[in-house]
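Subject: Structure handover

Hello,

Please find the structure below, with the sequence. My notes on what was found in it come after.

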Amino acid sequence: MFKCDLCHKITEPREKLTRHPIKYRDKVYQNNHPFKKNQVITSYGKEIIKEINVCEKCAEELKNGIVS
Ligand SMILES: [Zn+2]
């Protein structure tokens, strides 16, 4: 059981917890080139910095774009 961060209800004991990311941070990845020495590959991505716990019903609504 857990408390849903969206509807603030305590869920059923067997309900599935969904982690929903709400905050991201830009992240720069730098990896060594696999073939060329002293070359670095820079790529950009996003890193999750905050997630909330949501119940099945809210997860479904998030997926359908009803709430954000
Ligand atoms: Zn909920």
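Where is E56 found? E56 is found in helix α1. The model is a predicted one, and the notes that follow should be read with that in mind.

Confidence

The mean pLDDT over the protein chain is 93, and 97% of the residues score at least 70. Strand β2, residues 40–54, has the highest confidence, at 96. Helix α1, residues 56–63, has the lowest, at a mean of 94.

Overall layout

The protein chain holds 2 strands and 1 helix. In sequence order the pattern is β-β-α. The radius of gyration of the chain is 18 Å, while the globule rule gives 11 Å for 68 residues; the value is well over the rule, so the chain is more spread out than a compact globule. The C-alpha trace spans about 55 × 25 × 15 Å along its principal axes.

Of the 68 residues in the chain, 6% are buried. Among contacts with a separation of 6 or more, 57% are between residues 24 or more positions apart.

The two strands

Strands β1 and β2 pair in the antiparallel sense, over 14 bridges. Two of the facing positions can be named: K27 stands opposite G45 in β2, and K23 stands opposite K50 in β2.

How many of the 15 residues of β1 are buried? The count is 0, and β1 is hardly covered. For β2, the number buried is 1 of 15 residues, so this strand lies largely in the open.

The loop between β1 and β2 holds N38. N38 is not a glycine, yet its phi is positive, at about 65°. Is N38 buried or exposed? N38 is exposed, because 6 other C-beta atoms lie within 10 Å and a residue counts as exposed at 12 or fewer.

The segment before β1

Why does C4 count as buried? C4 has 20 other C-beta atoms within 10 Å, and the cut-off for a buried residue is 20 or more. Leaving aside neighbours within four places in sequence, C4 is in contact with K9, T11, N53, V54, C55 and C58. For C58, the separation from C4 is 54 residues in sequence and 8.2 Å in space, C-alpha to C-alpha.

The other is H8, also in the segment before β1. H8 has a positive phi near 60° and is a residue other than glycine. H8 is exposed, with 8 other C-beta atoms within 10 Å.

Helix α1

To return to E56 in helix α1: E56 counts as partly exposed, with 14 C-beta neighbours inside 10 Å. That number falls between the cut-offs, because a residue is exposed at 12 or fewer and buried at 20 or more. Once neighbours within four places in sequence are left aside, E56 is in contact with E15 and K16. E56 and K36 are 20 residues apart in sequence, and their C-alpha atoms are 48 Å apart in space.

E60 also lies in helix α1. How many other C-beta atoms lie within 10 Å of E60? There are 12, and E60 is therefore exposed. E60 and S43 are 17 residues apart along the chain, and 32 Å separates their C-alpha atoms.

That is what I have on this structure.

Regards

Conventions
Residues are numbered from 1 along each chain as its sequence is written. This is a predicted model: local features need pLDDT of at least 70, side-chain atom pairs count only at pLDDT 80 or more; totals for chains, interfaces and linings use all residues. Helices (H or I, at least four residues) and strands (E, at least two) are DSSP runs, numbered from the N terminus. The radius of gyration is taken over C-alpha atoms; the globule rule is 2.2 Å times the number of residues to the power 0.38. Two residues are in contact if their C-beta atoms, placed from the backbone, lie within 7 Å. pLDDT is the predictor's confidence in each residue, from 0 to 100. Two strands pair if DSSP finds at least two bridges between them.
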